[in-house]
Amino acid sequence: MAIDPISTRLQSPPAEGSLRAKALQTAKPSQAEAFSSTERVTLTEQGQQLSATLSPDSTSQPPVDSDKVKQIKEALSSGTYVIDNAKIAERLQSFEQLLEP
């Protein structure tokens, strides 16, 4: 029995009645094709506040503190970086409280 290379199999049209042919016939348009150019999006008040916070003016500054990153990298490489589990848990909890309605 001869085995067809994958590249030839994918380039040839599917045989009528095959699963691939049926899938192509019933396939839904891609998500990009499903939206028309007249669709509109409305942001909630929170979304508008976040959008204002992330305005182009705020992106002109670096998003990270390069000096702090350098210090952490040095501490990691020397094995002296200490993870404070209690501090992480406390900050996660305060963040979750901000998300509650």
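Which pattern does the protein follow when read along the sequence? The predicted model follows α-α-α-α-α-α-α.

**View 1. Overall fold and surface of the protein.** The protein has 7 helices and 0 strands (DSSP runs, numbered from the N terminus: H or I of at least four residues for helices, E of at least two for strands). Of its 101 residues, 2% count as buried (under 20% relative accessible area; exposed is over 50% and partly exposed in between, with a 1.4 Å probe and protein chains only). Carbon and sulfur atoms hold 56% of an accessible surface of about 10200 Å² (Shrake-Rupley method, 1.4 Å probe; for residues, only the protein chains shown count as cover).

**View 2. Helix α6, residues 66–78.** The 13 residues of α6 reach 18 Å from first to last C-alpha, close to the 18 Å expected at 1.5 Å a residue (1.5 Å times one less than the number of residues). At the start of α6, a side-chain oxygen of aspartate 65 lies within 3.2 Å of the backbone nitrogen of aspartate 67.

**View 3. Helix α7 and isoleucine 88.** Isoleucine 88 is located in α7, residues 85–99. Because its relative accessibility is 43%, isoleucine 88 counts as partly exposed. Helix α7 is hardly covered, with 0 buried residues among its 15.

**Numbering and criteria.** Residues are numbered from 1 along each chain as its sequence is written, and side-chain values use heavy atoms, leaving out hydrogens and water. Local features need pLDDT of at least 70 and side-chain atom pairs count only at pLDDT 80 or more, whereas totals for chains, interfaces and linings use all residues.

Note on methods: A polar contact is a pair of N or O atoms within 3.5 Å; within protein, one must be able to donate a hydrogen and the other to accept it, and residues adjacent in sequence count only if both atoms are side-chain atoms.
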